[in-house]
Amino acid sequence: MKVSIEIRSKSSQEWLSAVMNDFDSFLQDHADCERKASAMALSFIAKYPMRTEIVPELIETALEELEHFQQVYDVMRARGVELASEIEKDVYINKLIALSASGGEKRFMDRLLLASVIECRGTERFKMVSETVEDTELKKFYKMLWTVEAKHGNIFVAMALRYFDEKEVYDRLDYFMEEEVKILASIKPRAAVH
Ligand SMILES: [Fe+2]
Ligand SMILES: [Fe+2]
């Protein structure tokens, strides 16, 4: 069974313009997203310590995301940008998480698949940024980043496939991918990852 885990819509030019017009705000939000991605990988371990098969990969992912946080922070410091003192609620993430089952095995699967969806959208957006931004260093940085995030999109699905039936996983992923497009379209474009 081969199912594409490609994102189902292209991010809008409005979003891209919002980012390009206020890159410092985008960096602030991006740094926060990397920090939260690292924390999310660790929270899987905290919630599911008995899923020993995936613990090493979760640790590795947490480290990679933390390294991204450090790298984005370095870019910010070089530009004289501070971390945001107040973080706006990430409506996109909250709406996606709200789709997950309320408990048990199903929630575990849903959270893994939603992590994958979030990584896939991040990949698509960082790629767009890398192709648009003019600064050579930033271009290089976002290119490196989207290639790593593309890998993350796959590993969370692979983790789900260790524990759940292939059809169940891909049907659910398909549903999340479709819903993600609607959620994204409902959000006003801003200088942020989502
Ligand atoms: Fe990352
Ligand atoms: Fe990632």
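Helix axes here are lines fitted to C-alpha atoms over the stretch in contact, and the angle between two of them runs from 0 to 180 degrees between N-to-C directions. The helices themselves are DSSP runs (H or I, at least four residues), numbered from the N terminus. Everything comes from a predicted model, where local features need pLDDT of at least 70 and side-chain atom pairs count only at pLDDT 80 or more, while totals for chains, interfaces and linings use all residues. Residues are numbered from 1 along each chain as its sequence is written.

With that in place, take helix 3 (residues 55-78), which packs with helix 6 at an angle of about 160°, their axes 12 Å apart. The two are therefore roughly antiparallel, a label for angles over 145 degrees. On the helix 3 side, the contact (C-beta atoms, placed from the backbone, within 7 Å) includes Glu57, Thr61 and His68, and on the helix 6 side Phe141, Leu145 and His152 are among the residues involved.

How far does helix 3 reach from end to end? Its end C-alpha atoms are 35 Å apart, which agrees with the 34 Å that its 24 residues should span at 1.5 Å a residue, the expected span being 1.5 Å times one less than the number of residues. After helix 3 comes Gly80, with a positive phi near 75°.

Helix 6 (residues 136-163) also packs with helix 5 (residues 104-132), again at about 160°, with axes 8 Å apart. That makes helix 5 roughly antiparallel to helix 6.

Terms used:
Chains are lettered from A and ligands numbered from 1 in the order in which they are written. Angles under 35 degrees count as roughly parallel, over 145 as roughly antiparallel, 65 to 115 as roughly perpendicular and the rest as oblique. Two residues are in contact if their C-beta atoms, placed from the backbone, lie within 7 Å.
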